[in-house]
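Visitor: Hi, I'd like to go through this structure with you. Can you show it to me?

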Amino acid sequence: TQLQHFALCVLNVYSQNRSRDAPLEEQWKRKTVLPVDGGHHFPGVLTRFRVDTARTQRFELTPIRNAMEAIQTRISTLAHQIAQVEEKHEAGENPNLNPLQMTLQGSVLLQVNVGAQEIVRTFLTNPERFAAEHVAELRNLLRQFLDACDLGLTVNEQFTPQNSDFGRELRDGYAELSQFFQPYLVDLSPSIAHPLSIATGDGADVFSWCVC
């Protein structure tokens with residue numbers, strides 16, 4: 001496993017109503033980016049790091065941007081887990097499917113996945129309440145989310161018994177989820193990125209969602 005080194009610490013807090021249990025349209029998020037001073041990186045042997053306060057940055061995510069970040073995080077997780085399975089297979093090892101299966105289960109089964117459905121209902125039922133460019137980006141992300149789920153299911157099916165009950169449940173859940181999404185994605189513009197091209201934890205996407 002390749003070790004990633006970071007010189008930034010990103011803190012997320014829910015602002016304004018200060019609760020992640022509030023309705024999605026009220027969930028603002030404040031991101032504080034703390035650069036580490038002295039050339040140190042995470043992870044390291046030190047238990048405390050001096051922060052370069054002069055370069056500290058704070059951003060506020062609007063509720064729709066906060067929702068978009070949640071979808072992007074799920075896409076990145078799927079992409080990373082798919083890559084891990086394929087790497088193990090190419091190395092002649094038996095891949096551990098449990099992380100991928102758990103993420104798929106939490107993504108495609110409607111009785112489990114309240115998050116994506118609630119995002120769609122909140123921001124796409126009456127999309128005129130939000131900035132048009134944000135709505136378009138959210139629709140693109142939701143399409144990428146469906147593509148990532150489909151790819152994850154295909155990879156999972158390559159290494160599991162054919163027609164297993166769990167596999168059928170996941171595939172049926174995906175079909176139901178896709179059907180639920182479709183009426184809300186009718187104005188979708190062409191996707192701007194493939195799911196696997198999205199940053200998967202190397203820090204490259206820290207700032208991409210820090211604009212309200």
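Guide: Start with a term: rings of Phe, Tyr and Trp (its six-membered ring) pair if their centres lie within 6.5 Å; planes under 30 degrees apart count as stacked, over 60 as edge-to-face and the rest as tilted. This is a predicted model, where local features need pLDDT of at least 70, side-chain atom pairs count only at pLDDT 80 or more, and totals for chains, interfaces and linings use all residues. Residues are numbered from 1 along each chain as its sequence is written, and side-chain values use heavy atoms, without hydrogens and water.

Visitor: Which residues form one aromatic cluster?

Guide: Phe145, Phe180, Phe181 and Tyr184.

Visitor: And how many aromatic pairs does the structure hold?

Guide: Four. One of them is Phe145 with Phe181, tilted, at 6.2 Å centre to centre and 35° between the planes. Phe145 sits in helix H4 (residues 132-158) and Phe181 in helix H5 (residues 165-181), 36 residues apart. Helices here are DSSP runs (H or I, at least four residues), numbered from the N terminus.

Visitor: Is Phe181 buried or exposed?

Guide: Phe181 counts as buried because its relative accessibility is 0%. Buried means under 20% relative accessible area, exposed over 50%, partly exposed in between (1.4 Å probe, protein chains only).

Visitor: New topic. At what angle do H4 and H5 pack?

Guide: About 165°, with their axes 11 Å apart. So H4 is roughly antiparallel to H5. Axes are lines fitted to C-alpha atoms, for helices over the stretch in contact, and angles run from 0 to 180 degrees between N-to-C directions. Under 35 degrees is roughly parallel, over 145 roughly antiparallel, 65 to 115 roughly perpendicular and the rest oblique.

Note on methods: Helices (H or I, at least four residues) and strands (E, at least two) are DSSP runs, numbered from the N terminus.
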